[in-house]
Amino acid sequence: MGATGRAIDQRQMAETAGGADIGLPPVKAGPGCNLGIIGESARLKRVLKQVRIVAPTDSTVIVLGETGTGKELIARAIHNLSSRRDQPFVSTNCSSIPAGLLESELFGHEKGAFTGAVSREIGRFELADGGTMFLDEVGDIPLELQSKLLRVLQEQEFQRLGSPRTVSANFRLVAATNRDLTQMVEKGLFRSDLYYRLHVFPIETPSLRERQEDIPLLVWHFVKKYAQNMSKNIEVIRSEDMEALIRYSWPGNVRELQNFIERSVILTEDSVLHRPSIAEPKNGQKQRAVTPAVRTLADAEREHILNTLRETDWVIGGSDGAAARLAVRRTTLLYKMRRLGIFRPEN
Ligand SMILES: Nc1ncnc2c1ncn2[C@@H]1O[C@H](COP(=O)(O)OP(=O)(O)OP(=O)(O)O)[C@@H](O)[C@H]1O
Ligand SMILES: [Mg+2]
């Protein structure tokens, strides 16, 4: 595997841009890696900046984004960067608790409050006292509970079911949803007063399609993680495999990529990652797989660089190389290739 590389290995990743003809993903995994958040795209950096700004305050945050984009990871990062980090982080998924039980889960109940309430149970809001309450899938809270939730958020006071006594809890709220709450408000499915109460500081997690340049970093991150778990030594990813992973639209975002890499690592028997074929998305999503839904500046830059590299038969330096044609220094082009995940395909 030479430096003009048909494949990318981790030793090469450590080389600086000037040392090899092919750009390789950097070893570091981006500014959020100490929080377990991998990536260094501008979109992700913006999110991390918002996280760092809002974390030390006690303000309510709502994290919005498609499934698998890391909303819970962001919620935990906010908690871990706040002064509440040593107190509980209580995560409640409002869609996974049956509607009839949600109220008592959140607020707790006294013995005998309803059939089956054999003992007193304190609720999640009380458990979160001093810490952070993470209300996941907040768009799934039934309408009739929404007014009660609003009251708790405004007053930080509530009653356990079956008790007239008011209990108070000092929690910081982080909510998340992949639903379009604005649309739900318009349809009368979500209270507008609660909507505004939650939208104090919205953070939008970008889809993987909108930050394709992070895919090589994420791929290597998960390859290392699963290879270590399975005591395997995987050092090489073929450049055409990496290109295919970058091109795919990942409708399930980072979660889908993570699971795909786990499967790839299971199937790998030597030091070169074995990539099973990527499942073609079902009819409705096929279009997205071919053309990313959002065409970013990075997409356009990537395509232009790739076309130029093809024209020069992947010659980068020299008077007629790609760098000269693009009017940039050779090292600048190598750096851009690395950032954009451009690798020379195998012949
Ligand atoms: N930037 C990232 N770096 C590393 N791992 C990530 C990143 N984003 C997401 N993940 C991982 O992807 C998986 C899904 O993330 P998470 O559960 O936070 O997504 P979500 O947006 O809450 O999804 P859902 O809407 O389906 O609940 C987790 O295993 C998480 O650790
Ligand atoms: Mg989630």
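Q: Roughly what angle do the axes of helix α9 and helix α10 make where they cross?
A: First, this is a predicted model, where local features need pLDDT of at least 70, side-chain atom pairs count only at pLDDT 80 or more, and totals for chains, interfaces and linings use all residues. Residues are numbered from 1 along each chain as its sequence is written, while chains are lettered from A and ligands numbered from 1 in the order in which they are written. Helices (DSSP runs of H or I, at least four residues) and strands (E, at least two) are numbered from the N terminus, and axes are lines fitted to C-alpha atoms, for helices over the stretch in contact, with angles from 0 to 180 degrees between N-to-C directions. The axes of α9 (residues 215-229) and α10 (residues 239-247) come within 10 Å, and they cross at roughly 115°.

Q: Which residues of α10 make the contact with α9?
A: Two residues are in contact if their C-beta atoms, placed from the backbone, lie within 7 Å. On the α9 side we find I215, P216 and V219, and they meet, on α10, M242, L245 and I246.

Q: How many residues of this contact are nonpolar?
A: Ala, Val, Leu, Ile, Met, Phe, Trp, Tyr, Cys and Pro count as nonpolar, Asp, Glu, Lys and Arg as charged, and the others, Gly among them, as polar. The contact of α9 with α10 has no polar and no charged residues, and its nonpolar count is 6.

Q: Which residue is the bridge partner of V61 in β10?
A: β2 and β10 run parallel and are joined by 4 bridges. In β10, V61 is partnered by F201.

Q: Which elements give two or more residues to the shell around ligand 1?
A: A residue is near a molecule if its C-beta atom, placed from the backbone, lies within 6 Å of it. By that rule 16 residues surround ligand 1, the closest being I38, G70, K71, E72 and V254. The elements giving two or more are α3 (71-80) and α11 (253-267).

Terms used:
Pairing = 2+ DSSP bridges.
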